[in-house]
Amino acid sequence: LKVGTLISGGGTNLQAIIDACNQGRIDAEIVFTGSDVGGVKGLARAKKAGIDTFVVDYARIIADSRKIRDIDSLLPKNFDLDEILGKQRLVDVEKNREKALFFIKSRVIAERRLLDHIESYDMDLLVLAGFMRVLTPYFIDRINTKDKGCRIMNIHPALLPAFPGTDGYGDTFRYGCKIGGCTVHFVDYGEDTGPIIGQKAFEIADGDTLKDVKKKGLKKEWELYPACIQKFAQSR
Ligand code: GRF
């Protein structure tokens, strides 16, 4: 199985997948690691493992998009904004149309660059390993083509559908849950809403701090992600 990976940070999940590949625990090989942020530790982990890396600097692209008068000139050809807006299911951006339009256009400009890299590889599965950017339907439809089907996976730091969003462990902890967990799911047009592939839970003891919860959770993530990739490799 040829796996592409996208990260934004430390890349401990990426490391767990690299180790699982190297130790023959999963029938997969990582063909690239892309990041939306330069200089992060995950990129160094990939390079050390001999994996191709690239960076698409989202923060820079979004800042540049704000400055330019005619943002539409940067959009890909045959880009259908109404189609993308119709499919996108995002809670926050739906409230303000101007904001939503800018959000989608600037992301699509960044995604076109991601795709330029990704499409140069032969890839069966795209694994988001701590990639902290929303993917628009423009991107998703270009990866999940009719013949390939669902093939973008994400790991989320909570037992979905509880606590979607960027701070799953924090939200679990602050709610006072006695059980936390992580979820691997296919990515669809919503935020953390796609079909669930696997989950792992852990107990939160009375004296546990948020740091303890994150530590317990990450340990579970490192087991869960390789297992779910192997499930996919075996077409289960
Ligand atoms: C993980 O907790 C993952 O669930 C979340 O981001 C974190 C990434 O950690 N989406 P790492 O970069 O793999 O160490």
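The model is predicted.

**His 156**

Let's start with the residue that the UniProt record, an unreviewed entry, annotates as "active site": His 156. His 156 sits in strand β5, which spans residues 152-156. Is His 156 buried or exposed? His 156 counts as buried because 24 C-beta neighbours lie inside 10 Å, and the cut-off for a buried residue is 20 or more. Leaving aside residues up to four places away in sequence, His 156 touches Gly 168, Cys 182, Thr 183, His 185 and Asp 192.

**Around the ligand**

There are 16 residues around the ligand, and those that come nearest are Gly 10, Thr 12, Asn 13, Gly 130 and Pro 157. Elements that give two or more residues to this shell are α1 (12-22), β5 and α8 (210-233). Of these, α1 gives the most, with three residues. Here is the shell by class:

| Class | Residues in the shell |
|---|---|
| Nonpolar | seven |
| Polar | eight |
| Charged | one |

**Helix α2**

Now turn to helix α2, residues 41-48, where Gly 42, Leu 43 and Ala 46 are buried. These residues lie on the same side of α2, because they cover an arc of only 100° around the axis. What covers them includes β1 (2-7), α1, β2 (29-35) and β3 (53-55). Lys 47 and Lys 48, on the other side of α2, are exposed. After α2 comes Gly 50, with a positive phi near 80°.

Note on methods
Residues numbered from 1 in each chain as written. Predicted model: local features only at pLDDT ≥ 70, side-chain atom pairs only at ≥ 80, totals over all residues. UniProt positions renumbered as here; feature names shortened; annotations may be inferred. Helix = DSSP H or I, 4+ residues; strand = E, 2+ residues; numbered from the N terminus. Buried ≥ 20, exposed ≤ 12 C-beta atoms within 10 Å, placed from the backbone. Contact = placed C-beta atoms within 7 Å. Near = placed C-beta within 6 Å. Nonpolar A, V, L, I, M, F, W, Y, C, P; charged D, E, K, R; others polar. Arc of directions from axis to C-beta.
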